[in-house]
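This report walks through one protein model, moving from its core to its sheet and then to a few single residues. Please keep the sequence and the structure in view while reading.

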Amino acid sequence: WTVPDRNLHNDSAEVVGIASSVAEASATFTPSSPNASIDRATALMTPDRAESYRGEFSAVVEDLTSRNVSGQAQTVSAGVEAIGPSDASVAVVMRGTQNAPGKPTDIAVLALRVVLTKQGGKWLVADVTPINAH
């Protein structure tokens, strides 16, 4: 009876780590290497999600690069909302900072829901969505 409990504990720790990494990468950007965080995030995603994620962020990357904006995010808290043998949902709260030339640093609290699925014994991100603040 300890094996299922240990597996749940291990899976919970793994999905929280993956969700935090993807969430941070989603809000981190440097004009000098604009695709680095996208590559970091998509490496942890299902192939379908990685493809759509790249498409969603290509215009954002172009805009931020043209304005020389950089951003950084750090996880404040992350926890499992729900988990089963092959699906999980993790809430991630981050502190994000954005810097643009000639403007004060913009600091925000960002909350994301990261949905994961287990494929071939490996947890992968299937979706990343904002958690509405209202």
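Of the 27 residues in the largest nonpolar core, which touch the most other members?

## Basis of the report

This is a predicted model, in which local features need pLDDT of at least 70 and side-chain atom pairs count only at pLDDT 80 or more, while totals for chains, interfaces and linings use all residues. Residues are numbered from 1 along each chain as its sequence is written, and side-chain values use heavy atoms, with hydrogens and water left out.

## The nonpolar core

The residues that touch the most other members of this core of 27 residues are Met45, Leu116 and Val125. A nonpolar core is a set of buried Ala, Val, Leu, Ile, Met, Phe, Trp, Tyr and Cys residues joined through side-chain atoms within 4.5 Å; buried means under 20% relative accessible area, exposed means over 50%, and partly exposed lies in between (1.4 Å probe, protein chains only). At least two residues of this core are supplied by each of helix H1 (2-26), helix H2 (36-42), H3, E2, strand E3 (106-119) and strand E4 (122-130), and the largest share, 7 residues, comes from H1. Helices (H or I, at least four residues) and strands (E, at least two) are DSSP runs, numbered from the N terminus.

Valine 125 is in contact (heavy atoms within 4.5 Å) with Ile18, Val22, Leu44, Met45, Thr46, Arg49, Val114, Val115 and Leu116, when residues up to four places away in sequence are not counted.

## The sheet and its helices

The 4 strands form an open sheet in the order E1-E2-E3-E4, with antiparallel pairing, where two strands pair if DSSP finds at least two bridges between them. Strand E1 (70-83) and E4 stand at the edges with a single partner strand each, so one side of each is left without a neighbour in the sheet. From one strand to the next, the twist averages 30 degrees.

H1 packs on the sheet and touches E1, E2, E3 and E4, and its direction makes about 155 degrees with that of E1; axes are lines fitted to C-alpha atoms, for helices over the stretch in contact, and angles run from 0 to 180 degrees between N-to-C directions. H3 lies across E2, E3 and E4 and runs at about 45 degrees to E4.

## Pairing between strands

E1 and E2 form a hairpin with 3 residues between them, and their antiparallel pairing extends over 12 bridges. Alanine 78 stands opposite valine 92 in E2, and glycine 79 has alanine 91 in E2 as its bridge partner.

E2 and E3 also run antiparallel and are joined by 12 bridges, with glycine 96 standing opposite alanine 108 in E3. The hairpin of E2 and E3 has 6 residues between the strands, and in this hairpin glycine 102 takes a positive phi near 75 degrees.
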